[in-house]
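Here are my notes on the model, point by point. Have the coordinates open while you read.

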Amino acid sequence: MTGPSHRAPLSAGQSRLFFSELLRPDSGGYVIQRAVRLIGDLDVPALQTSMQLLVGRHEILRTIYSDDGPYPEQIVEPVSLGSEFALELTDLGDRADDSAEAVNSWIAAARGRSFDLRAEPPLRTGLARLGADDHVLLITVHHIAMDGWSMSVLLGELATAYAALIRGEEPALPPARAYRDYVHAERARADEMAEHERFWRAQLAGAGVPGPGLLEYPAEWRRTDEALCAAFNLPAELTARIAELSRRQRCTPFMTVLAVWSGLLTTDSGAAEITVATASSGRWRPEDHGLVGFLVNVVPIRIACTSELSLTQLLARVRDACLTASEHNELPYERIVAASRAPRLPNRPALAQVLFDLHPRAAVPTLPGLRCSEWPITARTLRFELELHVTYDRSAADGILLAAADLFEPDTVRGHRDTFVDLLNRWTAEPERALADLIPIRAVSKGT
């Protein structure tokens with residue numbers, strides 16, 4: 001039973017992405033990727049069959065989008081589309097001397113292929129052969145269909161299916177919830193959304209007026225989503241100190257790192273407060289935990305910070321702001337922006353111009369008979385003007401600072417990164433010291 005195609009409305013988050021994609025179809029800003037290196041005797045037909053099973057299993061992976069009517073809709077194609085899904089095979093075996101460069105170019109080319117959301121499913125998978133027992137699996141998907149959490153769910157199910165198939169068994173996976181059921185549930189919570197809307201209108205009154213301090217070049221110069229990147233590593237000692245300080249202050253590492261970066265941002269801009277966009281998983285209910293789809297939401301955190309504050313004082317503010325925001329994080333970001341009545345300026349993100357995200361390191365799938373490892377992919381685009389992404393585990397953390405290439409110079413971005421890591425190290429070591437004692441009031445982002 002393959003079933004017919006059927007239509008459903010878009011979620012609030014999907015609508016925002018769909019219209020953005022129509023306006024800028026070649027930006028690449030809404031494409032996410034994961035790559036896994038597979039060393040060993042790979043059963044390519046079993047891998048192919050596993051992917052076909054997942055596409056048939058998850059409606060969102062065989063969905064196209066229509067704007068023919070008064071409102072955009074998602075059109076779920078029949079289950080039979082899963083059996084037609086194919087791995088795109090690429091042989092890079094003749095590039096053994098520069099295999100890393102060859103793989104990175106292959107990944108970049110896959111990212112550069114735009115999705116026509118009105119005509120094709122939002123998922124592509126590729127398999128690059130580096131040698132007889134050496135492959136790289138690449139999953140490229142439009143953000144309208146998946147978020148980072150969903151990618152981990154998908155890879156976990158892929159590993160389960162592959163393991164069963166090479167044993168000659170039928171994969172045993174729990175029933176998959178349809179993403180359209182999530183959309184209907186979102187729409188059914190209208191009364192709750194109205195309450196959240198009232199909160200954000202009061203919480204963000206007067207916020208979101210961007211100051212000129214952070215930008216190196218005028219905002220109207222921005223024409224693309226191209227990012228400048230500055231990576232960094234946090235040693236185990238610093239990671240442990242962040243965890244211990246967070247425990248003592250009844251905070252999370254997320255709050256601690258956010259507080260330090262907010263202190264730097266307000267110092268650089270000369271502002272007394274800043275509104276930082278943060279990522280929320282959007283999975284507030286147990287039934288959403290295994291769902292593949294676009295659930296992530298953006299939640300603004302408004303932080304007042306002056307130079308005489310110590311880190312412990314600032315942490316108390318950040319903790320309260322984060323906890324309060326978490327009670328109202330179900331309202332879609334576009335409705336939060338509308339409720340805030342923040343000014344909308346050309347070429348600038350409304351309400352928040354910077355984004356912060358801290359999350360655990362994603363688990364690498366384990367496929368039997370293979371040695372699996374993450375193939376690192378460097379971000380090349382961003383949606384805000386400045387973004388700080390931190391990944392952590394028990395022993396260490398690393399991250400990347402992204403900045404709009406049209407608005408900053410590379411040296412400026414590297415300088416901001418270095419200043420942030422230095423401030424994080426020194427302020428967590430002496431959390432009772434005032435910010436002004438550790439970093440002079442200046443504008444690092446202007447190169448002065």
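**Notes on the fold**

1. Let's start with histidine 196, which sits in helix 7 (residues 190–203); helices here are DSSP runs of H or I with at least four residues, strands are runs of E with at least two, and both are numbered from the N terminus. Histidine 196 is buried at a relative accessible area of 8% (buried is under 20% relative accessible area, exposed over 50%, partly exposed in between, with a 1.4 Å probe and protein chains only). Not counting residues up to four places away in sequence, histidine 196 touches Glu327, His328, Glu330 and Leu331, where contact means heavy atoms within 4.5 Å.

2. Some housekeeping before going on. This is a predicted model, with local features needing pLDDT of at least 70 and side-chain atom pairs counted only at pLDDT 80 or more, while totals for chains, interfaces and linings use all residues. Residues are numbered from 1 along each chain as its sequence is written, and side-chain values use heavy atoms, with hydrogens and water left out.

3. Staying with helix 7, have a look at its packing on helix 11 (333–340). The two axes cross at roughly 50° and come within 8 Å; axes are lines fitted to C-alpha atoms, for helices over the stretch in contact, and angles run from 0 to 180 degrees between N-to-C directions. Helix 7 and helix 11 are therefore oblique to each other (under 35 degrees is roughly parallel, over 145 roughly antiparallel, 65 to 115 roughly perpendicular, and the rest oblique). The crossing is right-handed, meaning that the near helix is turned clockwise from the far one by less than a right angle, with anticlockwise being left-handed. Met193, Glu197, Trp200 and Arg201 make the contact from helix 7, and Arg335, Ile336 and Ala339 from helix 11. By class that gives four nonpolar, no polar and three charged residues (Ala, Val, Leu, Ile, Met, Phe, Trp, Tyr, Cys and Pro count as nonpolar, Asp, Glu, Lys and Arg as charged, and the others, Gly among them, as polar).

4. Which residues have the most contacts inside the largest nonpolar core? They are Trp200, Leu258, Trp261, Phe356 and Phe420, in a core of 76 residues. Helix 9 (residues 253–269) gives the most to this core, with nine residues. A nonpolar core here is a set of buried Ala, Val, Leu, Ile, Met, Phe, Trp, Tyr and Cys residues joined through side-chain atoms within 4.5 Å. There is also a second, separate core of 45 residues, which includes Val55, Leu87, Ala159 and Leu367.

5. Tryptophan 261 deserves a click. Leaving aside neighbours within four places in sequence, its contacts are Val276, Val354, Leu355, Phe356, Leu386, Glu387, Leu388, Leu401, His416 and Phe420.

6. Next, helix 9 against helix 10 (residues 311–326): the angle is about 115° and the axes are 9 Å apart, in a right-handed crossing. Phe254, Met255, Thr256, Leu258, Ala259, Val260 and Gly263 of helix 9 meet Leu311, Leu314, Leu315, Val318, Arg319, Cys322 and Leu323 of helix 10. That contact has 11 nonpolar, two polar and one charged residues. Alanine 259 is buried at 0% relative accessibility; outside four places in sequence, alanine 259 is in contact with Leu311, Leu314, Leu315, Val318 and Trp427.

7. Helix 8 (residues 236–248) and helix 12 (residues 410–429) pack at about 50°, axes 10 Å apart, which makes helix 8 oblique to helix 12. Their crossing is left-handed. On the helix 8 side are Leu238, Arg241, Ile242 and Leu245, meeting Leu424, Asn425, Thr428 and Ala429 in helix 12. These divide into five nonpolar, two polar and one charged.

8. Arginine 250, between helix 8 and helix 9, has a positive phi of about 55° although it is not a glycine, and is exposed at 62% relative accessibility. Arginine 341, between helix 11 and strand 11 (354–360), has a positive phi of about 60° and is exposed at 65%. Is arginine 283 buried or exposed? Arginine 283, in the loop between strand 9 (273–280) and strand 10 (297–304), is buried, with a relative accessible area of 5%. Not counting residues up to four places away in sequence, arginine 283 touches Asp147, Trp149, Ser150, Asp288, His289, Leu291, Gly293 and Leu295.
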